[in-house]
Amino acid sequence: MNAIEKPTGRPKLRTKQAAEYCGSTESTFNKLRVSGNGPIYISLGRVVVYDPDDLDAWLAARRRRSTSDVMEAA
């Protein structure tokens with residue numbers, strides 16, 4: 001598919017709702033966005049939204065079996 005992706009049909013979530021969806025806080029998500037370590041987001045002017053599919057993928061990439069598991073660099 002080209003640069004434009006087909007919408008998933010699931011409503012996009014604002015930062016607070018996305019953080020709650022992931023079991024986190026809005027403040028943490030704001031910090032993750034600044035550092036570039038958070039999930040993919042969409043900026044619509046001053047409004048930031050997250051696609052639930054991107055949140056699911058971000059969460060899945062952080063699954064670990066033990067505390068000694070190392071995350072791969074992005």
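**W58 and its surroundings**

I started with a polar contact: a polar atom of the R62 side chain lies 3.2 Å from the backbone oxygen of W58. The model is a predicted one.

I then placed R62 and found it in the segment after α3, the helix that spans 52–60. Is R62 buried, exposed or partly exposed? I noted a relative accessible area of 30%. Buried needs a value under 20% and exposed one over 50%, so R62 counts as partly exposed.

Next I went back to W58 and left aside its neighbours within four places in sequence. W58 is then in contact with C22, F29, L32, N37, G38 and P39.

**The core**

I looked up the largest nonpolar core, which has 10 residues. W58 is one of them, and C22, F29 and L32 are also listed there.

Three of them form an open sheet, and I read the order as β1-β3-β2 with antiparallel pairing. The edge strands, each pairing on one side only, are β1 (13–14) and β2 (42–44).

I checked the pairing of β1 with β3 and found two bridges in the antiparallel sense. Which residue of β3 is the bridge partner of R14? I recorded V49.

Conventions. Residues numbered from 1 in each chain as written. Predicted model: local features only at pLDDT ≥ 70, side-chain atom pairs only at ≥ 80, totals over all residues. Heavy atoms only, no water. Helix = DSSP H or I, 4+ residues; strand = E, 2+ residues; numbered from the N terminus. Buried < 20%, exposed > 50% of the residue type's maximum accessible area, 1.4 Å probe, protein only. Polar contact = N/O pair within 3.5 Å; in protein donor to acceptor, adjacent residues only side chain to side chain. Core = buried A, V, L, I, M, F, W, Y, C linked by side-chain atoms within 4.5 Å. Contact = heavy atoms within 4.5 Å. Pairing = 2+ DSSP bridges.
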